[in-house]
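Please examine the chain below before reading the explanation. The account is intended to be read with the sequence and the coordinates side by side.

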Amino acid sequence: MPTPLSETASLLSDAQWQALASRDRGADGSFFYAVTTTGVFCKPSCPGRPLRKNVLAFECTEQALMAGFRPCKRCRPLG
Ligand SMILES: [Zn+2]
């Protein structure tokens, strides 16, 4: 399991959570979120609906990978 909080991860801001909750494609690329319970990270527009308490924000995919998360197979954050 990835560590819940690494130096590069942060909790989602309200604006980031809103983008995630509304699947805002306009937010894609500005940040990525990782779900601690599943160990995957996603683009903001991913159809998944995680609980906010299980979500961490990353500025880029490299940071999420470094923290031990895998790219989501649904939204393909690396592609
Ligand atoms: Zn995803």
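The structure is a predicted model, in which local features need pLDDT of at least 70 and side-chain atom pairs count only at pLDDT 80 or more, while totals for chains, interfaces and linings use all residues. Residues are numbered from 1 along each chain as its sequence is written.

Confidence is expressed as pLDDT, the predictor's confidence in each residue on a scale from 0 to 100. The chain has a mean pLDDT of 92, and 92% of its residues reach 70 or more. Confidence is lowest in E1, with a mean of 92, and highest in E5, at 98.

Two helices and five strands make up the secondary structure of the chain; these elements are DSSP runs numbered from the N terminus, with helices (H or I) of at least four residues and strands (E) of at least two. Along the sequence they follow the pattern β-α-β-β-β-α-β. The C-alpha atoms fill a box of roughly 25 × 25 × 20 Å along the principal axes. The radius of gyration, taken over C-alpha atoms, is compared with a globule rule of 2.2 Å times the number of residues to the power 0.38. For 79 residues this rule gives a value near 12 Å for a compact globule, and the 11 Å of the chain agrees with it.

The five strands form an open sheet in the order E1-E4-E2-E3-E5, with mixed pairing; two strands pair if DSSP finds at least two bridges between them. E1 and strand E5 (70-71) stand at the edges with a single partner strand each, so one side of each lacks a neighbour in the sheet. Strand E1 (residues 10-11) pairs with E4 in the antiparallel sense over two bridges, and leucine 11 has leucine 56 as its bridge partner in E4. E2 and E4 are also paired in the antiparallel sense, over four bridges. Within E4, valine 55 is the bridge partner of valine 35, and alanine 57 is that of tyrosine 33.

How are the two faces of E4 covered? Val55 and Ala57 on one side and Leu56 and Phe58 on the other are all buried. A residue is buried if 20 or more other C-beta atoms, placed from the backbone, lie within 10 Å of its own, exposed if 12 or fewer do, and partly exposed in between. By this criterion, 32% of the 79 residues of the chain are buried.

A nonpolar core is a set of buried Ala, Val, Leu, Ile, Met, Phe, Trp, Tyr and Cys residues joined through C-beta atoms within 7 Å. The largest one has 19 residues, of which Tyr33, Ala34, Phe41, Cys42, Leu56, Phe58 and Ala64 touch the most other members. H1, E2, strand E3 (40-42) and strand E4 (55-58) each give two or more residues to this core, and E4 gives the most, with four. Leaving aside residues up to four places away in sequence, alanine 34 touches Val40, Phe41, Leu56, Phe58, Ala64, Ala67 and Phe69.

Serine 22 lies in the loop between helix H1 (14-21) and strand E2 (32-35). Serine 22 counts as exposed because it has 12 C-beta neighbours inside 10 Å.

Notes
Two residues are in contact if their C-beta atoms, placed from the backbone, lie within 7 Å.
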